[in-house]
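Keep the structure open while you read.

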Amino acid sequence: MPATFTTPPNNLAKRVGSKGVSRSSAIQQAEANIASMRDDGVAYIDENLEILNSTFLSLPDGPADVIEKLYEASDSIAGTAALFGFNSLGKAAYSLCQLLSYADRGAGLNRPAVKAHLDGMQMLRRFADADPAATKMILDNLSRLLAHLAPKR
Amino acid sequence: MIKLGATSSVKLDFASANILIVEDKVSEQDILAQILMGFGVPGIQRRSTADEALRATAVEAFDLALIDASLKDTDGYQLIMSMRRSEQASIKHLPIFLLCGHVQRPDVMRARDCGANFVLSKPISPQVLFDRIVWLARAKRIFVESDSYVGPDRRFKSFGPPVGTAGRRHDDLSAHVGEATGENMSQDAIDGFFNPSKVSL
């Protein structure tokens, strides 16, 4: 069929303007709401860290399923940690996702590199960004490791 | 480029808004719901699967959908493609943000090609969500329906209709767009176009 071009009504447009809640109030209230669920958020992060560690120990049993599970838990941490004050932990989790994605591109799973990430993430969870020098060192090391293991093009 | 404008002075009137969250992890549903409640949204519907989301949109009208890329049954990309192919205008034209955690260039390309309005990288901060909602409300992207694609116009720079077709005006831009200015695409990115499947690890 030939392509058709239309301009459907934009219902959102009616909701943006001079009436309602201001940007600053909306953001302030949303941040307060997130802060109120910090305990749940930290518990969620810890739950996923636990999944990462326990799953890693069972790696020899079924690499494909296990890697998927590691990826999901790491992705969950990457997607939430910064909201609860764990910026560096989120970055390390993102790095682990990247590392796990290499396994699917023929690089294979590098177990020591995964272990290094898990150890680093445990430390970052404890520091909670309170020790900038240690945090930087961990993230720099993980970054170098990831660069070293990136599949060659 | 689309001029989206400043967002600092605008207000959101979400007093009667209805927003759909499609996310399989309850904790992450909670985070999104808390942000939206902070914006004053009274109607927040949560669904965990693509199937549940399709059933919800069939019976209820929404102002916006936030859809996670990784769902248990069908992934978010497929869900959006199904919605864009719906016979029901309220589903087909629904503004959609696709939410991604670990996102790479091929994921963004895939999101664009499935018909999402925007891709948001997690963690989703209130600032980012507020601003993207305002952008979406202000954007005047036309809606395209063709055999291979249904969704908002993927071009962010309008060159007008193709040369030689009806409707081309004297002030449309030249058909000659010049040499590429960006870097060559990586193999990963190219693979993403030709084999846009979820990475199975």
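How many of the five residues of strand β4 (residues 64-68) of chain B are buried? Five of the five are, so β4(B) is largely enclosed by the rest of the structure. Buried here means that 20 or more other C-beta atoms lie within 10 Å of a residue's own; exposed means 12 or fewer, partly exposed is in between, and the C-beta atoms are placed from the backbone. Before going further: this is a predicted model, where local features need pLDDT of at least 70, side-chain atom pairs count only at pLDDT 80 or more, and totals for chains, interfaces and linings use all residues. Residues are numbered from 1 along each chain as its sequence is written, while chains are lettered from A and ligands numbered from 1 in the order in which they are written.

**Around β4 of chain B**

Both faces of β4(B) are covered: Leu64(B), Leu66(B) and Asp68(B) are buried on one side, Ala65(B) and Ile67(B) on the other. The strand has parallel pairings with β2(B) (residues 18-22), over four bridges, and with β5(B) (residues 96-100), again over four bridges. Strands pair if DSSP finds at least two bridges between them. Helices (H or I, at least four residues) and strands (E, at least two) are DSSP runs, numbered from the N terminus.

Setting aside neighbours within four places in sequence, Leu66(B) is in contact with Ile19(B), Ile21(B), Val22(B), Leu32(B), Phe97(B) and Leu99(B). Contact means that the C-beta atoms, placed from the backbone, lie within 7 Å. Leu66(B) also turns up in the largest nonpolar core, which has 83 residues: along with Ala93(A), Phe39(B) and Leu98(B), it touches the most other members. The biggest giver to this core is α4(A), with nine residues. A nonpolar core is a set of buried Ala, Val, Leu, Ile, Met, Phe, Trp, Tyr and Cys residues joined through C-beta atoms within 7 Å.

**Chain B as a whole**

Chain B has seven helices and eight strands, and 37% of its 201 residues are buried. Of the contacts in chain B between residues at least 6 apart in sequence, 61% join residues at least 24 apart.

There's a cis peptide bond between Lys122(B) and Pro123(B), with omega about 0°. Pro123(B) sits in the loop between β6 (118-121) and α6 of chain B. Helix α6(B) (residues 126-138) has 13 residues, which should span 18 Å at 1.5 Å a residue; its end C-alpha atoms are 18 Å apart, which agrees. That expected span is 1.5 Å times one less than the number of residues. Among the buried residues of α6(B) are Pro126(B), Leu129(B), Ile133(B) and Ala137(B).

**Where the chains meet**

On the A side, 51 residues are in contact with 48 residues of chain B. The A side of this contact takes two or more residues from each of β1, β2, β3, α1, α2, α3 and α4 of chain A. Helix α1(A) gives the most, with nine residues. By class, the A side has 25 nonpolar, 17 polar and nine charged residues. For those classes, Ala, Val, Leu, Ile, Met, Phe, Trp, Tyr, Cys and Pro count as nonpolar, Asp, Glu, Lys and Arg as charged, and the others, Gly among them, as polar.

Ala30(A) lies in α1(A) and counts as buried because it has 23 C-beta neighbours inside 10 Å. Leaving aside neighbours within four places in sequence, Ala30(A) is in contact with Gln34(B), Ile35(B), Gly38(B), Phe39(B) and Pro126(B).

Strands cross between the chains too. One open, antiparallel sheet of three strands runs β2(A)-β1(B)-β3(A). Its edges are β2 and β3 of chain A, each with a single partner strand, so one side of each is left without a neighbour in the sheet. Another open, antiparallel sheet of three strands runs β1(A)-β7(B)-β8(B). Here β1(A) and β8(B) are the edge strands.

Some bridge partners across the chains:

| Residue in chain A | Bridge partner | Strand of the partner |
|---|---|---|
| Thr4(A) | Glu145(B) | β7(B) |
| Phe5(A) | Val144(B) | β7(B) |
| Val16(A) | Leu12(B) | β1(B) |

Three bridges join β1(A) to β7(B), and two join β2(A) to β1(B).

Key:
Contact = placed C-beta atoms within 7 Å.
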